[in-house]
Amino acid sequence: MVYNRCMTVDGAIWRDQLTAAERAELGRGHAAIPDRRPDILIVGGGIMGVATAAACHEAGLGSVLLIETGRLGTGATGGASGLLIPEPHRWSDPEPLVDLERASLERWRELEHRLPNGVGLSDIDWIGLAPHPGGFAAHQPPSVEWLAPGQVEQLIPGLARSMEGALIRGQARVNPLRAVARLAAGLPAVATGVAATSVTVRGDRVVTVSTSAGDVDPGVVVFATGQPPVLDGLPVNIPSDRVKGHLLVTEATSVTLPGIVAPVATQLEDGRLLAGGTFDIGDEDPAIQPDVIASIMDGLVAALPAAKGLGIAYQWCCFRPRHPDRRPVIDHVPGLDNAWLTSGHFRTGILNAPATAAVLARWISAGQPPAEPGTWSATRFSR
Ligand SMILES: Cc1cc2nc3c(=O)[nH]c(=O)nc-3n(C[C@H](O)[C@H](O)[C@H](O)COP(=O)(O)OP(=O)(O)OC[C@H]3O[C@@H](n4cnc5c(N)ncnc54)[C@H](O)[C@@H]3O)c2cc1C
């Protein structure tokens, strides 16, 4: 079994920002399976699993059971920055992925309006700083407003260096655990502390998923386990790895930022600064590396000298699940008619969750695959 988790994700700020009811939601239904024959079983209680369960429930696809080996959001989800910023990804991500990201931000906004308490989405602007003059110009997305150094200085007083910038309005962010808790609150059946351990397949169908709390016989199963599921009896062999990242949150400060300033920091509601999001290639150790945290703080102070001496209130790390081409899988489990999986959402899984969930719910209910199935296929790596 592969658990895409890092012991230190509990050090993230997100849990401390929740209400007692939201915190309780993350540990709901501990070790008790309320429905042994659900129409739909979702394995994995990160943002993908929770969003998919919510989409299936809302689409009226029958009874939905979600199981999660730890608490909801204990994997990559609980350690993410929670930025929902499709437009800057136009500089780095392939077009179909950016399309998914943009569609997904729209769905996040719909959820914010439709759910009784919303998902905790805040609108935010993104400013990217260009260390070299003209650094962004070659691939400038149409939504960008180009900022001359004087304009950057007005928006971000106290920057150590004069820099050009790119401003993109109308992006968003969430506390990822609050979003998980709010989505999960609408689900009828959740069992945390329950791990799927093996699968029984008959012909082209999964008939039983064995778990640490006994067997479940679902009509349909969706695996949303971060990296592809590795379970006895399940014929899945999709290449993937994981990329560790560190983040920190400072004490509250009088330094003010106009939203997300990349690559410097994001200001949270209470004035604290969220910084980091390192790519620690090859570091498989689940522990926080103090030198990486120190280097994030050094970078913050180098960009904003007024941050010198600011204390670190939270520090954590977690692993991004990734496939070799950095695109997620959203597909049937190869060879199985009633089993789907979604995995490898790498650095945009929070953003992509509602659109991915909608794709899966539509596929399950209407037999309708996504528009470009090859882009997300589980078998593309063997071609
Ligand atoms: C430092 C960092 C910053 C990031 N920032 C952003 C960001 O700003 N915006 C963004 O969109 N994305 C961001 N990401 C990426 C995002 O966190 C992930 O892409 C996303 O959380 C993946 O969600 P998931 O549900 O697929 O996986 P996970 O959150 O890992 O959830 C999978 C769940 O499945 C459970 N599970 C696994 N196996 C089993 C089993 N056998 N039985 C039961 N349960 C099982 C695990 O315990 C886990 O809870 C960031 C990631 C990192 C590391």
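Helix 4 and helix 8 are roughly perpendicular to each other (an angle of 65 to 115 degrees). The structure is a predicted model, in which local features need pLDDT of at least 70, side-chain atom pairs count only at pLDDT 80 or more, and totals for chains, interfaces and linings use all residues. Residues are numbered from 1 along each chain as its sequence is written, and side-chain values use heavy atoms, with hydrogens and water left out.

The axes of helix 4 (residues 95–114) and helix 8 (residues 349–366) cross at roughly 90 degrees and come within 7 Å; axes are lines fitted to C-alpha atoms over the stretch in contact, with angles from 0 to 180 degrees between N-to-C directions. Helices are DSSP runs of H or I with at least four residues, and strands are runs of E with at least two, numbered from the N terminus. Contact means heavy atoms within 4.5 Å. On the helix 4 side the residues include Leu97, Trp108 and Leu111, and on the helix 8 side they include Ile350, Pro354 and Arg362.

Helix 2 (residues 47–58) also packs with helix 8, at an angle of about 40 degrees and with the axes 8 Å apart. Among the residues that meet are Ile47, Met48 and Cys56 in helix 2, and Gly349, Leu360 and Ile364 in helix 8.

The chain as a whole contains eight helices and 18 strands. Its C-alpha atoms fill a box of roughly 65 × 40 × 40 Å along the principal axes. Of the 383 residues, 55% are buried (under 20% relative accessible area, with a 1.4 Å probe and protein chains only). Among contacts with a separation of 6 or more, 76% are between residues 24 or more positions apart.

Conventions: Parallel < 35°, antiparallel > 145°, perpendicular 65-115°, else oblique. Buried < 20%, exposed > 50% of the residue type's maximum accessible area, 1.4 Å probe, protein only.
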